[in-house]
Amino acid sequence: MADGDMVPQAMTLVEDEYPHVRMDPFISIMEDPDEVPFIIHRVDSNEIVYQPRRRKAKLIGKYLMGDMLGEGSYGKVKECIDTESLCRRAVKILKRRKLRKIPNGEQNVQREIQLLKRLQHRHVIRLLDVHVNDEKQKMYLIMEYCVCELQEMLESTKDKKFPICQSHNYFGQLVEGLEYLHGQGIVHKDIKPSNLLLTTDETLRITDLGVAEKLDMFAEDDTCRTSQGSPAFQPPEIANGLETFVGFKVDVWASGVTLYNMTTGLYPFEGDNIYRLFVNIGKGEYTIPDTLDSLLSNLLTGMLQTEPEKRLGIQQIKRHDWVIKKLSRTPDYVPFPPSGEEGDVYRSMSVVQYLEDLHSGSPSDDEEYDDSQIFSDNIPYSANNNAQPVVKENTIPEHKHKKKRAKSGLLASCKQS
Amino acid sequence: MSLLQQCACASSKTKESPTAVPYSRKHQTTSASPPQNDGLSQGEDNRIHSTMMSSGSFVPDTKHYELYTVIGRGCNDTAGIILTKHIPSSKHIAIKKTNLESCDIDFSVLQNEVILCRQLQHEKVLPILTTFIHDHELWTVMPLMAYGSCKDLIHAYFTNGLSEQASSYILRDTLLALEYLHSKGIIHRSVRASHILVAANGNVCLSGLRDAHSMIQRGRRLRIVHDYPQHFVRSLQWLAPEILEQNLMGYDCLSDIYSVGITACELANGYAPFTDMPVTQMLLEKINGTKPVLADCTTIADLVGEENTNQGHDSGIDSEATNSREITDLANARKFSHHFHNFVEICLEKSLETRPSASTLLGHSFFKHLKKKTSEMLPSLIQPLSPLTDISKLPKAQAGDVDDLAEDINNMSMEEGWDF
């Protein structure tokens, strides 16, 4: 059993999420080898039993943490589950220390929270809850769970592109989401495949409003002055360094580049470095592969117009013949790539292993629940926080679970099949 | 009060003392008379049912309805179910009044329920006769289901479960309703005892279509759906594992069949499985393939064996040990047929490939002996309970006086009411 204990503990130390983990005696020996005679036991390889990694349950408010979904410059994104509704969620974990190192990091997060809290649309990601841990200098943004990034799906294919019908499906949803955002006076400014997520039923959700801009309610038009979006998706007016530009048309351009990328696996403009790239974008010279039909290349041309005034608007795009037309699904439709080391085709909940820990019967586990952190109820990033419910503490009533567990076998009338 | 809590308290009461019925005595004394002799005769009730479906006589006008008393709550307690007299016909009906201002449910969800229900017409699906908005309230006019829900039956008298025969009639009618809904591409998603209602004549209707989900989207019938009913926390116990898992596999109409299996246990045992554990543990149990069973002398030995091993880990639960003994005694004293056991087992198949459809299940040996109509048999099987029909004795309420009515509910014989 000693081997078994060692494995999870050593693994857990890698995770800085769990500072409460006790130091393993084995490791202290390693640190101070003079003090204790170092004995090497000979173990037959057959005796070594590889135990699966034990996952330790961790709660943030009512959310039980699962595996990591991704990692950005701001911090990690993990899967989690709402322990009341059992709904799958994603949590963006932001560390203030990291945010300070990024230009406008804290401001961007603040803006994103303020924007997302007000938005509710089928094609825009929803922010459900914000938790702040002042002691750890961390912030947790609880979002809707999405099963895959568009970028991840593109990368799972050989040519890094989708069949036309699939691009058509996603693009139509993107336009609907953009129409809503623009209607709300919001310029996203960072539309690209890695900011477009898909739910289990393939509904597209626009995410990452970190560099988005909310126009002033009384602004005469959608003139913007700043942009921090991804270089390859920037329009000529930004590449050329214009002081002001038309905000909504920036999103149109980026959506055009996204559509170009999804259908061809290429980018309309490239460059060895950001300078060369911007020079090429500024020139506005690109070619559309002849593999694309004339209707689609007409749409792309309309969206990738150098002059923002000549560029199509969202309403024109919505009514474009290529967008309107019905396409049936072709056999080369790209499925969601399998997830995790095991290659799970269903992309099942990773939280289950943590649930095992939460409800495992061994009494020695109790100390793990000391992880309960008490969160301050202030949300420093939201000035006008009109009632996002914040759960102040997350004590797990473990003793309750236990008492109940004792009779659950009988009352639940269950048997293991 | 949340329904989960109700479940928990129901089962705990069962443990404390099987004779103590959490219900007013008054009701039981009135129940001595057979249901046919009550204020509303069976014939009349039948007529109501047949005419209600087709008649356009239910007008969206409050003047046509004389409200009596609250007989239940719904919609997270923001809706009251009110026993009502339809003045033009002098018939007794039920009106669900939902306060739209205090209701935390999205209006579109309520709207969907109405739109869906009005497209349906089946003897075993509770119809909506008319709906309208009066002030800040949504009025939904429905036939009166005078026995209340099957959960009411359990709470009122059958705290240790209904008889196998009564359960079989109720389950058959539930499956008939599901067979119809599934043929229309509708997944009910909250089949449970509190959504199965019994009329004075014994007819069984499925209600609770607020959580229902249509597989027909944009003119196409989908093979699987993924929508997670995140607002319906109260039905989590009954949900199939594939709904709870929320992965790419998705789910379909067969997920309702799993809920039928859980409901079968609920009807026969008197409490729903997984009642006494946190929902997170329930999720784990379902994913790990735990299959609830009917508690009787054939299964109790296994269940108690499990119990004893559990007690090995945990000490200091003497009071619970005595409760377990009571349950053990109860279970030992009864035996369900192997048909019933098998029915529950196949409903609770984890794999969608092996789980049967509603139509297949209607041919199951469990239902072989049922020749008569449920409405002919059920009232006699749920005696001594009687339907709520003698309205003349009830206090007449002022229209729109829901808040006061809500207080009256405690004095009413049908405490638990309906859960729509």
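# Salt bridges and aromatic contacts

The structure holds 22 salt bridges, counted over all chains. The model is a predicted one. Aromatic rings contribute 14 pairs over all chains. Selected contacts are set out below by topic.

**Salt bridges in chain A**

- A:Glu179 and A:Lys318 are joined through their side chains in a salt bridge, with 3.0 Å from N to O.
- This pair links distant parts of the chain, 139 residues apart: A:Glu179 belongs to helix 6 (residues 164–183) of chain A, and A:Lys318 to helix 11 (residues 314–318) of chain A.
- A:Glu179 is partly exposed, at a relative accessible area of 25%, and A:Lys318 is likewise partly exposed, at 33% relative accessibility.

**Salt bridges in chain B**

- A salt bridge connects B:Lys97 with B:Glu137, whose closest N and O atoms are 3.7 Å apart.
- B:Lys97 lies in strand 3 (residues 91–99) of chain B and B:Glu137 in strand 5 (residues 137–143) of chain B, so the contact ties together parts 40 residues apart in sequence.
- B:Lys97 is buried because its relative accessible area of 1% is under 20%; B:Glu137 is also buried, at 10%.
- The side chains of B:Lys291 and B:Glu349 form a salt bridge of 3.6 Å, N to O.
- Here B:Lys291 is in strand 13 (residues 290–292) of chain B, while B:Glu349 is in the loop between helix 12 (338–347) and helix 13 (358–362) of chain B, and the two are 58 residues apart.
- B:Lys291 is buried, with a relative accessible area of 13%, whereas B:Glu349 is partly exposed, at 22%.
- A network of salt bridges links B:Glu123, B:Lys124, B:Arg172 and B:Asp173.

**Aromatic pairs and a cluster**

- The ring centres of A:Phe233 and A:Tyr267 are 5.9 Å apart and the planes stand at 90 degrees, so this pair is edge-to-face.
- The two residues come from distant parts of the chain, 34 residues apart: A:Phe233 is in the loop between strand 12 (223–224) and helix 7 (236–239) of chain A, and A:Tyr267 is in the loop between helix 8 (247–264) and helix 9 (274–283) of chain A.
- A:Phe233 is buried at 7% relative accessibility, whereas A:Tyr267 is partly exposed at 29%.
- B:Phe366 and B:Phe367 form a tilted pair, with ring centres 5.0 Å apart and planes at 45 degrees.
- B:Phe366 is buried, with a relative accessible area of 1%, and B:Phe367 is buried at 5%.
- One aromatic cluster is made up of B:Phe336, B:Phe340, B:Phe343, B:Phe366 and B:Phe367.

**Charges over rings**

- A:Arg329 lies over the face of A:Tyr333, 3.7 Å from the ring centre.
- In chain B, the charged end of B:Arg192 sits over the ring of B:Trp238, at 4.2 Å from its centre.

Terms used. Residues numbered from 1 in each chain as written. Chains lettered and ligands numbered in written order. Predicted model: local features only at pLDDT ≥ 70, side-chain atom pairs only at ≥ 80, totals over all residues. Heavy atoms only, no water. Salt bridge = Lys/Arg side-chain N within 4 Å of Asp/Glu carboxyl O. Helix = DSSP H or I, 4+ residues; strand = E, 2+ residues; numbered from the N terminus. Buried < 20%, exposed > 50% of the residue type's maximum accessible area, 1.4 Å probe, protein only. Phe/Tyr/Trp six-rings, centres within 6.5 Å; stacked < 30°, edge-to-face > 60°. Lys NZ or Arg CZ within 6 Å of the ring centre and 35° of its normal.
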